[in-house]
Amino acid sequence: MPTLISLYIRQTIIGFILSFVFVALLLHFNVANLWHLVTHVSGGWLAAVLLFLFNGIVFSGVQFGIAVMSMARDENDGSRGRRQPERVRGLAEALAPIPVLVRDRRHPPR
């Protein structure tokens, strides 16, 4: 199996585990009276399952993004070569007028 695919599957599993823990803590601490709604309303179990599913999608996407971003190589390879500094243009040089040839179309040249 390619390395990137196994990384994606691993991070997706971790994201859904985090989602399960998150939803379990939401229900345990009865945030926004969710435990009462899940246990006393018909179809409340469906709301809990969907909460787990959608949070799992979000958490696994974030987990995969973090894993991919942390794979970046350090651009500092240890060589400390000299570079020429860039020339910085001053404001007066940047705003200097540029001569432009304009021909008058109303009066052709004689």
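This is a predicted model: local features need pLDDT of at least 70, side-chain atom pairs count only at pLDDT 80 or more; totals for chains, interfaces and linings use all residues.
Residues are numbered from 1 along each chain as its sequence is written, and side-chain values use heavy atoms, with hydrogens and water left out.

The chain holds 4 helices and 0 strands, where helices (H or I, at least four residues) and strands (E, at least two) are DSSP runs numbered from the N terminus. Along the sequence, the elements follow the pattern α-α-α-α. Of the 110 residues in the chain, 14% are buried; in the terms used here, buried means under 20% relative accessible area, exposed means over 50%, and partly exposed is in between, with a 1.4 Å probe and protein chains only. Among contacts between residues at least 6 apart in sequence, 74% join residues at least 24 apart, a contact being defined by heavy atoms within 4.5 Å.

Helix 1 (residues 3-28) contains Q11, and helix 3 (residues 44-69) contains G56. Q11 has a relative accessibility of 7% and therefore counts as buried. When neighbours within four places in sequence are left aside, Q11 is in contact with S60, Q63, F64 and A67. The C-alpha atoms of Q11 and Q63 are 5.8 Å apart in space, although the two residues are 52 residues apart in sequence. G56, for its part, is buried, because its relative accessible area is 0%. Residues up to four places away in sequence not being counted, G56 touches G15, F16 and S19. With S19, which is 37 residues away along the chain, G56 has a C-alpha separation of 4.9 Å.

The structure holds 4 aromatic pairs, for which rings of Phe, Tyr and Trp (its six-membered ring) must have centres within 6.5 Å; planes under 30 degrees apart count as stacked, over 60 as edge-to-face and the rest as tilted. One of these pairs is formed by Y8 and F64, with 5.0 Å from centre to centre and 85° between the planes, and is edge-to-face. This pair links distant parts of the chain, since Y8 belongs to helix 1 and F64 to helix 3, 56 residues apart. Y8 counts as partly exposed because its relative accessibility is 44%. The rings of F22 and F59 have centres 5.5 Å apart and planes at 75°, so this pair is also edge-to-face. Because F22 lies in helix 1 and F59 in helix 3, the pair ties together parts that are 37 residues apart in sequence. F22, at 34% relative accessibility, is partly exposed, and F59, at 24%, is partly exposed as well.

The chain exposes about 10200 Å², of which carbon and sulfur atoms supply 65%; accessible areas come from the Shrake-Rupley method with a 1.4 Å probe, and for residues only the protein chains shown count as cover. A nonpolar surface patch of about 1100 Å² is made by M1, I5, Y8, I9, I13, I17, F20, V21, L25, F29 and V31. Patches are made of residues with over 30% relative accessible area and no salt bridge, like charges being joined within 9 Å and nonpolar side chains (Val, Leu, Ile, Met, Phe, Trp, Tyr) within 5 Å. A salt bridge, in turn, is a side-chain nitrogen of Lys or Arg within 4 Å of a carboxyl oxygen of Asp or Glu. One of the patch residues, I13, is found in helix 1 and counts as partly exposed, with a relative accessibility of 48%.

Two residues of the loop between helix 1 and helix 2 complete the description. N30 is placed in the loop between helix 1 and helix 2 (34-40) and has a phi near 55°, a positive value in a residue other than glycine. N30 is partly exposed, with a relative accessible area of 33%. N33 lies in the loop between helix 1 and helix 2, and its phi, near 60°, is a positive value in a residue other than glycine. N33 counts as partly exposed, at 38% relative accessibility.
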